Amino acid sequence: MKRQIKNNVSWVGYIDWELETFHSDDYSIMNGSSQNAYLIEEEKNVLVDTIWTPHRFDFVENLKKEIDLKKIDYVIANHGECDHSGALTALMAEIPDTPIYCTAQCVKSLEGQYGKRGWNFHTVKTGNTLEIGNGKKLIFVEMKMLHWPDSMATYMTGDNILFSNDAFGQHYAVDELFNDKADQCLLYKEAIKYYTNILNPFSPLVAKKLDEIASLNLPIDIIAPSHGAIWRDRPMQIVETYAKWAAAYQENQITIAYDTMWEGTTQIAHAIAEEIRHQSPDTVVKVFNVAKADKNEVMTEVFKSKAIAVGSPTVSNSILSSVAGWIEFLKQLKFKNKKAAAFGCYGWSGESVKLLQEKLKDAGFEVVDENIRAFWKPTDEDIARIPELVKAIIA
């Protein structure tokens, strides 16, 4: 079970090959994931985080094979969410008096989930330290809203390891543990998906936190997140990438997202895509039916886009529920510096386009006036208005 990370630091987590969804069904898992926990064995023995609740008993039994639990001097809880803390109940039943170092908000989180069990909490703030022997210490850095109020990171001097918790992670199962051993295309794909769907709402805080970490002048040789690959090969590459992603990121891409009843809205979506290719051949175009596509994958493409076009027919004086739910998620992710246009068909009342424009504006997009609103199916006159819509979102 124990696998060396560096010197006296080992990985003692769980690789979850069979995981398919996360946060209930709100996040899709395509390539497995991991819950990373770490064991430090210096003069003091320190456990950094645990793993998810379903695997708690196996975790404790496996840990017993590596160390006498009573010899664990400290437990670090970087974050209270149950994918990190889920084995604490089983662990602390064995070593109830062992100090748990975490933020004050984390105490509230843990007691909220597991009840007040009389655990020996020691609350910390940014800059607080914990000596672990052999000239080494742990430095705590609060990471509020990355992505919970209780989150923090822990830095180990001497070995220069940043245990970064949810920051810099991916839902990606890498049996070899390290970023240089991972499939690089999948690693990047899962890292940007993770950022988009979990951290993007907090991008302004990400940027400030990256500046704060830089100001501490801590040499970082390894970044050990709570999910996915551990960054040992040029670890600062993911920090630099986060800085780009946090700055209202976009590429030369436009994403078209829609649902349809009788294919009229589909025809408009495809005609918009064709016109984008005509006006701007270098622009990447992605087209998704949101009722059929994975929403997290679609949102990752929206994150990369400079503009989107969203379509729905009118249904009961409103829009399709599939599109309504998708736009609510879009709003949650708080994208910045992106344009949007609306389109759709109708059979009698025809409110969908106006409603889409309002919802897209409410979601933080710069909504262009140009739109396509077609009676039943797009006519030649409707199609003739598409170049102006495309010109507006490309401009």
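Asp180 is found in the loop between β15 (161-165) and α5 (184-199). Helices (H or I, at least four residues) and strands (E, at least two) are DSSP runs, numbered from the N terminus. The model is predicted: local features need pLDDT of at least 70, side-chain atom pairs count only at pLDDT 80 or more, and totals for chains, interfaces and linings use all residues. Residues are numbered from 1 along each chain as its sequence is written, and side-chain values use heavy atoms, with hydrogens and water left out.

Asp180 counts as partly exposed, at 33% relative accessibility. Here buried means under 20% relative accessible area, exposed means over 50%, and partly exposed lies in between (1.4 Å probe, protein chains only). Beyond its neighbours within four places in sequence, Asp180 is in contact (heavy atoms within 4.5 Å) with Arg232 and Asp233. The side chains of Asp180 and Arg232 are joined by a polar contact of 2.8 Å. A polar contact is a pair of N or O atoms within 3.5 Å; within protein, one must be able to donate a hydrogen and the other to accept it, and residues adjacent in sequence count only if both atoms are side-chain atoms. Arg234 lies 54 residues from Asp180 along the chain, and their C-alpha atoms are separated by 9.1 Å.

## Salt bridges

The count comes to 15 salt bridges. The rule asks for a side-chain nitrogen of Lys or Arg within 4 Å of a carboxyl oxygen of Asp or Glu. One of them pairs Lys304 with Glu301, with the closest N and O atoms 3.4 Å apart. These two residues sit three apart in helix α9 (residues 295-304), so about one helical turn separates them. Both Lys304 and Glu301 are buried.

Lys331 and Asp362 form another salt bridge, the closest N and O atoms being 2.8 Å apart. Lys331 lies in helix α10 (residues 321-332) and Asp362 in helix α11 (residues 352-362), so the pair ties together parts that are 31 residues apart in sequence. Lys331 is partly exposed, with a relative accessible area of 35%. Asp382 bridges to Arg385, with 3.0 Å between the closest N and O atoms. Asp382 is buried at 7% relative accessible area, whereas Arg385 is partly exposed at 35%. Glu42, Lys136 and Asp159 are linked in a salt-bridge network.

## Cysteines

The model has zero disulfides. A disulfide would need a pair of cysteine sulfur atoms within 2.5 Å. For Cys82, the closest cysteine sulfur is in Cys106, 12 Å away, and therefore too far for a bond. Cys82 is partly exposed, with a relative accessible area of 28%. Cys345 is buried, at 4% relative accessibility.

## A nonpolar surface patch

Met261, Trp262, Phe375 and Trp376 make a nonpolar surface patch of about 520 Å². Patches are made of residues with over 30% relative accessible area and no salt bridge; like charges are joined within 9 Å, nonpolar side chains (Val, Leu, Ile, Met, Phe, Trp, Tyr) within 5 Å. Areas come from the Shrake-Rupley method with a 1.4 Å probe, and for residues only the protein chains shown count as cover. Met261 sits in the loop between β17 (253-258) and α8 (264-279). Its relative accessible area is 39%, so Met261 is partly exposed.

## Thr89

Thr89 is placed in helix α3 (residues 88-94). This threonine is buried, with a relative accessible area of 17%. Not counting residues up to four places away in sequence, Thr89 touches Arg56, Tyr114, Arg117 and Trp119.
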